[in-house]
Amino acid sequence: MVRLTDLRKEYKGFKLDITMEIPEGRVTGLIGRNGAGKTTTLKAILGLIRPASGEIEVLGKKPMEFSAEDKKQIGVALSSSCFSKVFTISDIIQILKGFYDDFNEDDFRKKCKDQELPFDKQIKDFSTGMVAKLRVLIAMSHSAKLLILDEPTAGLDVIARNDVLDLIRAYLEEDPNRSVIISSHISTDLEGLCDDIYMINDGRIILHEDTDALLGKYGIVKVSKEEYETLDKKYIVGTRKDNFSVTCLTSEKQFYAENYPKIVVENAHIDDIIVLILGGDK
Amino acid sequence: MKGLLIKDFKILLNQKRFLLMFICLAVILSFSMDSTFVVSYISMIGLIMMLSTIAYDYNDDGFSFLMTLPIKPGDYAVAKYVFSIMGVTLFWLISLVIQFAVLAIQKESYVLSDTVLLDVSMLALFLVILSVLLPIDIRFSPEKVRVVMFIIFGIIMAGVLAGKAVMGILSDKFGMVFFSRPNPFETVSPAVLIIGLFAIAIIFLSISMMYSIRVMQKREF
């Protein structure tokens, strides 16, 4: 459904160099620190920026050549951009009807009501959570095949985050062929939602795994400094040393559990993986 | 395109209090001013209102989101021209209603053909001004637009003053005579004049719109 091949884009002090593929019916997460290149990647997929080189194919076409009809198959929620904040939801309904033939007004109204979003209040008076929900609902309002969600849960409290994630899950349940690309720097959001995860750092993909494999294979090995010296490091992909111990990230936790029965091997969450790969000792 | 026009119309409605205030002010002033004042004043307000919709699109990086909607970048420029031409014309029509209502209330005598000719010429002039200002507003961010406008009006003012000074010197020292030809409003038939003015406006708008479409097509969001 989406294929990026050697996509390159350069800004002052930043280089993006990405290859990735998102098949139909998958939920793919892009995770990385702020400024890692997640939004730039999504903008390239949407044809909002021109790549310096490389190939982009979305729904079988180059994004810069998208027609209006092609764009109707994509629903987008950008992190820092939406309709003008002077509009109310009632205004937005009228505007969306003008853009999309298959805008489902009843469904959109129902979902807005379910999320307790006021229809006649200007968006500028909405809370952060309300704006985030509205952005996602707008993206879902016209039965798009592909949803592109840039940091849909950024800045939200845990309840609002769950509400947004539930909206995405419900959308996927309606049609299993729908695909979602979701970027976030909040890993727990992606753990329970994504089929696979790309980790981006400094404009490059540094890890791509199925979420199940990532959570099943990766583990945290905690050892003393002495134990670390004798440890077989062939499956250690990140380490962090403190005064007395070393915390290691392994891509084969089973190997260490079986061969080093005395050391502690714990399950790794995506946060641990990010911290140890991106923030660990070099 | 339809969605963009609805969006701009909603932005305009959002400013309805300002609009009503300006129109009321125009009505009050028109009793003490020349009858053409209300036409130029309200048309100018309309022009400013149309251009202000672009600033709303710029705010909060709104262009990025707009370009994810089912339109091509060039469609944005076309919709903005369609909306602005319609808007300026609508404001001009409102101003005509007020102008003739005030003339009727004041029971002033006027030559209908002269008044209409002047009003229609003013519409053509505002469309030409629109054709100059729209690409600037589309090309530059609202912050830069102010600077660009300041520079453009500065250059025009400087040009006018310099031209006047040069003509004064040439006239004084060499006895050259300027503007000796008769006023075109008096020599050319009104129909030809109106057609000519609108032809100029259409040419200006066409060139301007082509430039704006190119600006949007080249832009990254």
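Predicted model: local features only at pLDDT ≥ 70, side-chain atom pairs only at ≥ 80, totals over all residues.

Colleague: Let's begin with strand S6 of chain A: how many of its residues are buried?

Modeller: Helices (H or I, at least four residues) and strands (E, at least two) are DSSP runs, numbered from the N terminus, and buried means under 20% relative accessible area, with exposed over 50% and partly exposed in between (1.4 Å probe, protein chains only). On one side of S6(A) lie Leu146(A), Ile148(A) and Asp150(A), on the other Leu147(A) and Leu149(A), and both faces are covered. S6(A), residues 146-150, is largely enclosed by the rest of the structure, because the buried residues number 5 of the 5.

Colleague: And which residue of S6(A) is the bridge partner of Val76(A)?

Modeller: Two strands pair if DSSP finds at least two bridges between them. Strand S5 of chain A (residues 74-77) runs parallel to S6(A), and 4 bridges link them. Within S6(A), the partner of Val76(A) is Ile148(A).

Colleague: What handedness does the β-α-β unit with S6(A), helix H6 and S7(A) have?

Modeller: S6(A) is also parallel to strand S7 of chain A (residues 179-184), over 5 bridges, and Leu149(A) has Ile182(A) as its bridge partner there. A crossover is right-handed if, with the strands pointing away from the viewer, the path from the first strand over the helix to the second runs clockwise. With H6 of chain A spanning residues 158-174, this unit is right-handed.

Colleague: Which strands stand at the edges of the open sheet of 4 strands in chain A?

Modeller: The order in this antiparallel sheet is S11-S12-S10-S13. The two edge strands each have a single partner strand, so one side of each is left without a neighbour in the sheet: they are S11 (236-241) and S13 (264-267) of chain A.

Colleague: Which residue in S12(A) is the bridge partner of Thr239(A)?

Modeller: S11(A) pairs with S12(A), residues 245-250, through 5 bridges in the antiparallel sense. In S12(A), Thr239(A) finds its partner in Cys248(A).

Colleague: Turning to chain B, how many helices are there?

Modeller: The elements from the N terminus on read α-α-α-α-α-α-α-α-α. There are 0 strands, and the helices come to 9.

Colleague: How far apart are the axes of H5(B) and H9(B)?

Modeller: Contact means heavy atoms within 4.5 Å, and residues of H5(B) that meet H9(B) include Tyr76(B), Tyr81(B) and Ile85(B). Axes are lines fitted to C-alpha atoms, for helices over the stretch in contact, and angles run from 0 to 180 degrees between N-to-C directions. H5 (residues 73-106) and H9 (residues 190-218) pack at about 145°, and their axes lie 7 Å apart.

Colleague: Finally, what percentage of chain B is buried?

Modeller: The C-alpha trace of chain B spans about 60 × 50 × 30 Å along its principal axes. Of the 221 residues in chain B, the buried share is 41%.

Key: Residues numbered from 1 in each chain as written. Chains lettered and ligands numbered in written order. Heavy atoms only, no water.
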